[in-house]
Amino acid sequence: MPPFRTAGVGLKQPLAAHGLPTGLKLYGSHTWSDNYFRYLKPMILNLHDTLSGEPRAFAPADPKRVTMYVCGPTVYNYVHIGNARPVVVFDVLFRILRHIYGEDAVVYARNITDVDDKINAKAAADGVDIGVITNKYADAYNADMAMLGALPPTFEPRATQHIDAMISQMERLIAANVAYAAEGHVLFHSRAFPDYGALSKRSLDDMIAGARVDVAPYKQDPMDFVLWKPSKPGEPEWPSRWGPGRPGWHIECSAMIEQTLGLPIDIHGGGHDLIFPHHENEIAQGRCATHSDTYARYWMHNGFLTIEAEKMSKSIGNVLLVHDLVRQFPGEAIRWALLAAHYRAPLDWTGDLLTQARKSLDRLYGALRRAADLSVDAAAQPPAAFLEALGDDLNTPRASAELFALARVLETSRDAAERTAAKSALLAAGKLLGFLQIDPDAWFEGGADGDLKTKVEALLKTRFEARQAKDWATADRIRDELNALNVVVMDSADGATWRLKEGA
Ligand SMILES: [Zn+2]
């Protein structure tokens, strides 16, 4: 929280009364003091809500416990760069919410889908239990997302650990006459929920006309969707009163949200491609099971990612895996590239985009390196214009422009106090977006071992944040990863330093 925010300091009171310098020009038409006071106001956050179709001022149900859920990966392979976009976009939102409401006041869950046809197929092909596949790729996913600077979510529920919650939700849906059992299946009867289609703005009849609808003898209506289905021989199965089987995908999220966060939640996020049918079905399940008007109070969806103007697909051979990219480029540059467009706009991933991202960070780190002699005000806050940009539905392109404006002051001003303020504000703003936290020299010491350096710094940053969040499981996992990289970490009051093990 910014200092004095609630202390009743009026704009008309003299700055000197609060020990603040006066009249320093920061950039553009703002003076340092203007800027300082502008961020004493609470940050305003407007979010584009898919359900209402318009931007809305964000107000959580309970500011002491702000809840957010984002659909996570199905873990049967390394994820592609399109899957990383929602992770980074909603990581920015997670950081903004923590900035506004406090780090302990935001509860963020991102699930792991660890039961699925593709997982079964992969496990059968490799001759192993599905857990071998899902653990391997869930760990790789988390390590790769950490390289992109994504903070670990508060909860990472796995489908196989919440089967009871799914069965409980199905029982209530059947009791509410919106779901039924047939031939070992449980199905949701879409026509029983009058608001079905409200999120995707389509009527049931439009959906039938436009969609690939599975017609099956056990369905009362073509648009009914599966909540539970019998497992085929050799597939994992769980007992239920409808027979041994496994859950459908959609019931996973609504049940895990109910169990880990409680319904309704404040924000539900995911890729644009999940609006229909996944999120439409989640709303139907969640609202009917809890007899509520609301499932998520704000719905947010990020746009598609294309590769050199083409859809990513195996047949074209243009699938870019994050696991490979983070070994070729600094994670921070990949993160920058993912935030280069507004999150709702399509993002075209090109070689040039990554080169530009790296150059942008070179400029900012270069300004910081040339200002290494200046001290940093640890209590500095991101400037108002930067917060206003992010508060405007996460306008990251505009927020990045504010970072360059600060770097320009840092590079061109001759006033030491002004430069110190600019450097401090640049680091504070960078931190809020998940950038500029490594030593500038380390950034430029790319070369042969740059990959390792970047990776270690990213892991240390995540470990530090995990420890601050008292997330010991993540901190321990990262320590093990660092150990595997032959890295020795030395913790001190000033933070952690590291070196390679001797002989490594
Ligand atoms: Zn989901």
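The exercises below concern a predicted model, and each is followed by a worked solution.

Residues are numbered from 1 along each chain as its sequence is written. In this predicted model local features need pLDDT of at least 70, side-chain atom pairs count only at pLDDT 80 or more, totals for chains, interfaces and linings use all residues, and side-chain values use heavy atoms, with hydrogens and water left out.

**Exercise 1. Overall description**

Task: State how many helices and strands the chain has, and what share of the residues is buried.

Solution. Helices (H or I, at least four residues) and strands (E, at least two) are taken as DSSP runs, numbered from the N terminus. By this assignment there are 17 helices and 16 strands. Next, burial is set by relative accessible area: buried is under 20%, exposed is over 50%, and partly exposed is in between (1.4 Å probe, protein chains only). Of the 504 residues, 55% count as buried. Finally, a contact means heavy atoms within 4.5 Å; among contacts with a separation of 6 or more, 74% come from residues 24 or more positions apart.

**Exercise 2. Backbone**

Task: Locate the cis peptide bonds L263–P264 and F276–P277, then the positive phi angles of A309 and K470.

Solution. The bond between L263 and P264 is cis, with omega about -5°. P264 sits in the loop between α7 (249–260) and β11 (265–271). The bond between F276 and P277 is also cis, with omega about 0°, and P277 belongs to helix α8 (residues 275–290). Turning to phi, A309 is not a glycine but has a positive value of about 70°. This residue, A309, is in the loop between β13 (305–307) and α9 (322–328) and is exposed at 61% relative accessibility. K470, again not a glycine, has a positive phi of about 55°; K470 is in the loop between α16 (450–468) and α17 (472–484) and is exposed, with a relative accessible area of 61%.

**Exercise 3. Salt bridges**

Solution. A salt bridge requires a side-chain nitrogen of Lys or Arg within 4 Å of a carboxyl oxygen of Asp or Glu.

- Because D117 is in helix α3 (residues 117–126) and K229 in strand β9 (residues 225–230), the pair ties together parts 112 residues apart in sequence. D117, K229, E235 and R246 form a network of salt bridges.
- D144 is in helix α4 (residues 130–147) and R327 in helix α9, so distant parts of the chain are linked, 183 residues apart. D144 is buried at 4% relative accessible area, whereas R327 is partly exposed at 37%.
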